[in-house]
Amino acid sequence: MKNKKRNMISILFIIGSLLCIGCNTKEMRVWASEPIQENIIEVEKISQQESSKTDYNDDTTISTLENNIGYTTSLVNCRVSNTYESDVVLVLPKNAEVVVIGYEDGWYNIQYQNSIGYIRHDFLVMKKSVTIVIDAGHQAKADTSKEPIGLGATQTKMKVSGGTCGVSTKLPEYELNLSVALKLQEELLNRGYTVIMCRETNDVNISNAERAQIANENHADAFIRIHANGSENSKAHGMMTICQTANNPYNGEFYDSSKALSTYVLDEMVATTGAKREYVWETDTMSGINWCQVPVTIVEMGYMTNPTEDQLLATEDYQDKIVEGIANGIDLFISE
């Protein structure tokens, strides 16, 4: 009975302290309506006891995790300092997004909205950095020399072509591709992705195999290759994406992930643009796909040989819609 009374007094004291903190500091904001649950405190104590047996090699610095994003794993107390005896600033709900500004003695120093405090490391998971590599297809000058279509292949193809050209706008495909790729880079950066570009200018000479190697070397979570289509049939229109087949001899193990990526991106592009949905073309003829050891898709944004679609592709508004669709598709793929 005495223990229960002590616990009640402690809880009332903490609540009173919180209200005082809320009155006396503008930097720390208290959510007085959130319950400070005794079971959370007990879990914190157990967590700290277990953590004291572990060497975290953090040397009590709080600068190594600057500007990282983390998510709470459960309802958790955010405290004034890095000890569970310190006052509670606020109670964070599960899956709250916080900015991690430091780490000290097993505690994360975090910012949540306008408040700053400490959370035990056991109650926070860091957002994993997701890397997207973007290839703006083609380049100003074609490289007609040959390279194998895949690792160990005897069959060869042109290293890189100049692409098609707008039948109405006369816009070269390589220029359109780069324009959209740069917009996609900006959009993905705004969504928190790490983005690596195969090229940011038209005056390059990078083969399709070399572009795939950029994705491989950076361990890309997705490799997005931006292209526009062409056809002898001027009425052909719509969007498609391309990936390898399940039996691809060079990277068939990436078929499932590449097919999923291609499907998500295609469906979301169609949703944002209203364009005709063609299909996900599965083929093993693309060296830029065959050399990949990461999930990959080629995005065919539309037909530059169709007068109407060509003019549409050249507009900023339509390009923005394409970019939104690709980014939405990537979001869905990464969240799988």
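Arg225 and Asp135 are both buried, a term that denotes under 20% relative accessible area, with exposed meaning over 50% and partly exposed in between (1.4 Å probe, protein chains only). The model is predicted, so local features need pLDDT of at least 70 and side-chain atom pairs count only at pLDDT 80 or more, while totals for chains, interfaces and linings use all residues. Residues are numbered from 1 along each chain as its sequence is written, and side-chain values use heavy atoms, with hydrogens and water left out.

Side chains of opposite charge can pair when their charged atoms come close. A salt bridge is defined here as a side-chain nitrogen of Lys or Arg within 4 Å of a carboxyl oxygen of Asp or Glu. The structure contains ten salt bridges, including those in the table.

| Salt bridge | N to O distance |
|---|---|
| Arg225 and Asp135 | 3.3 Å |
| Lys183 and Glu316 | 2.4 Å |
| Lys321 and Asp317 | 3.5 Å |

The Arg225 and Asp135 side chains meet in a salt bridge. This pair links distant parts of the chain, as Arg225 lies in strand β12 (residues 222–229) and Asp135 in strand β8 (residues 131–136), 90 residues apart. Helices (H or I, at least four residues) and strands (E, at least two) are DSSP runs, numbered from the N terminus.

Lys183 and Glu316 also form a salt bridge. Their pairing connects distant parts of the chain, from helix α3 (residues 173–190) to helix α8 (residues 316–334), 133 residues apart. Lys183 is buried, at 19% relative accessible area.

Lys321 forms a salt bridge with Asp317. Because these residues are four apart in helix α8, about one helical turn separates Lys321 and Asp317. Lys321 is partly exposed, at 30% relative accessibility. Elsewhere, salt bridges with shared partners join Asp135, Arg211 and Arg225 into one network.
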